Structures are given as C-alpha cells and as structure tokens.
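Please keep the sequence and the model side by side while you read, and follow each element in turn.

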Amino acid sequence: MSYKITEEGNVATVHLDGEIDMDVTEKAKEVIMPLIEAGKEVHLNLKEVQYMDSSGISVLIESHQKAAELGTKVILKEISKSVLKVIMMAKLEQILIIE
Amino acid sequence: MNFEDHKEFPVDSASLKGVRSYTREVLSQDPVFKSTTDDVVLAVAEAAQNIVKHAYSGEPTGDTMRVEISFKEGQLKIELFDKGKPAIPKNIKPRQLDDVKPGGLGTFFIGQIMDEVIFKTAASDWVNRLILIKNY
C-alpha cells in the first residue's frame with residue numbers, strides 16, 4: 001500500500017493505492033487517524049485500491065466512528081469496484097459516508 | 001477439469017498476499033471460476049488471516065499453514081491447516097451486521113461466499129483444519 005496526502009483548508013484528502021489487508025492496516029491507521037484527531041475532514045480516495053479485506057473495512061469503520069466522535073467526518077471517494085463490493089457485502093454502504 | 005494443488009506459507013500477515021496470489025493462480029486453471037475468483041480469493045485470505053490473528057494471536061512463529069485446493073465433479077474444496085491453538089467451532093461466529101464495529105467481519109465474508117464451512121480437528125501433524133466448499 002502506498003499513499004499521498006493533499007490538504008486544502010480543513011479537508012485532507014488521502015489517496016490510497018494498492019492492496020489493504022491485515023499486513024498494512026496499522027500503516028493505514030497511522031496515516032488516517034492523526035488527520036482525524038487534528039479535526040480535519042478526511043476524504044479517502046479509494047480509486048487505486050485493488051483489494052480490501054475485513055481488516056481494511058475495520059479501518060474504514062474505525063475512522064468513521066472516530067471522526068463522528070470528534071465532530072468531523074470521513075468521506076469515501078471514487079471507490080473502486082472491488083472495494084465497493086466488499087463494503088456492500090458488509091452492508092456498510094448506508095453507514096459509511098460515500099460520495 | 002479436475003485438479004489438486006497445495007502450498008505452505010509462513011504464518012505471518014506478510015504471507016496473505018502470497019495466499020491470494022496462489023489461490024488466484026490455481027483458480028485460473030479453469031474458466032468456470034472466472035466470475036467468482038475475487039470472492040473465493042477473499043474467503044481464503046480471510047481464513048488465512050484468522051489463522052494468523054486467532055490461532056496464533058498475532059504472535060510471531062516459525063510455523064507454516066497449508067492451503068490445499070481441489071476441484072472434482074463440480075465441487076471446489078479448499079482446506080486450510082494450521083498448528084495454532086485449537087479452534088472451538090461453537091465460539092467462531094460472525095458478528096451481527098447491525099452491531100457496527102471494527103472486526104469480526106472475516107468469518108461473515110467466508111460464510112457469504114462459500115456454500116459450506118466446516119471446522120475439523122486435523123489429523124497427523126496439524127491442529128486445525130478448515131474446509132471451505134463451493135459448488136459450481
């Protein structure tokens with residue numbers, strides 16, 4: 001997994017790339033959580049994520065819940081087809097914020 | 001096309017990519033799997049992840065896990081063997097989806113994708129044996 005962060009005002013956009021599984025979830029959290037804790041609205045661009053398993057989905061849930069707790073939000077953008085399929089299998093499309 | 005194949009992997013989260021690649025490669029032998037390959041790869045990877053996470057509690061080990069894949073008379077059978085803590089089948093349950101929290105989805109995904117999921121005590125040198133079946 002690789003990533004790129006761009007910031008504009010209070011919005012931080014994280015472009016994730018590659019495969020997100022148990023092996024990289026800590027790294028993903030290390031990238032996303034400080035932005036949420038800083039009060040940023042975080043946009044996760046998942047266009048280049050080819051694979052995500054339950055560990056990756058857990059990162060999305062944890063990020064969403066942490067943001068809600070701190071009064072901000074995590075918005076999922078340009079979700080790849082394979083990731084969207086897993087989100088829908090977990091019936092999270094009505095829980096997570098997807099644009 | 002009937003086939004049997006197997007491979008062992010170190011019990012480590014870094015092996016999960018290899019488990020996925022191996023499963024994908026084996027399934028590529030027959031076009032019958034084409035529309036379900038991504039799902040089956042996810043199920044096998046979730047099962048392997050459960051070995052790393054639960055059978056070994058994420059602790060470093062020199063042990064290996066074994067993945068066996070066979071296809072016979074329209075039935076895909078994938079078996080995973082490990083030497084970790086014995087699994088207690090009645091305790092292995094997917095979480096309720098309306099209880100939204102991180103974790104617990106892997107077993108749910110496996111159940112959604114495969115037609116049968118069977119936990120057994122393994123014979124010979126292994127401790128746990130998980131059998132995943134999908135009919136074609």
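Predicted model: local features only at pLDDT ≥ 70, side-chain atom pairs only at ≥ 80, totals over all residues.

**From the sheet to the chain contact**

In chain B, strand S3 (residues 75-82) and strand S5 (residues 128-135) run antiparallel and are joined by eight bridges; strands here are DSSP runs of E of at least two residues, helices are runs of H or I of at least four, and both are numbered from the N terminus. Residues are numbered from 1 along each chain as its sequence is written, and chains are lettered from A and ligands numbered from 1 in the order in which they are written.

The two strands belong to an open sheet of five strands in chain B, with the order S1-S2-S3-S5-S4 and antiparallel pairing, where two strands pair if DSSP finds at least two bridges between them. Strand S1 (3-10) and strand S4 (116-121) of chain B are the edge strands, each pairing on one side only.

Turning to the contact between chains, 20 residues of chain B are in contact with 16 residues of chain A, contact meaning that C-beta atoms, placed from the backbone, lie within 7 Å. On the side of chain B that touches chain A, the elements giving two or more residues are helix H1 (16-27), helix H2 (37-55) and helix H3 (106-113) of chain B. Of these, H2(B) supplies the largest share, seven residues.

Notes: Contact = placed C-beta atoms within 7 Å.
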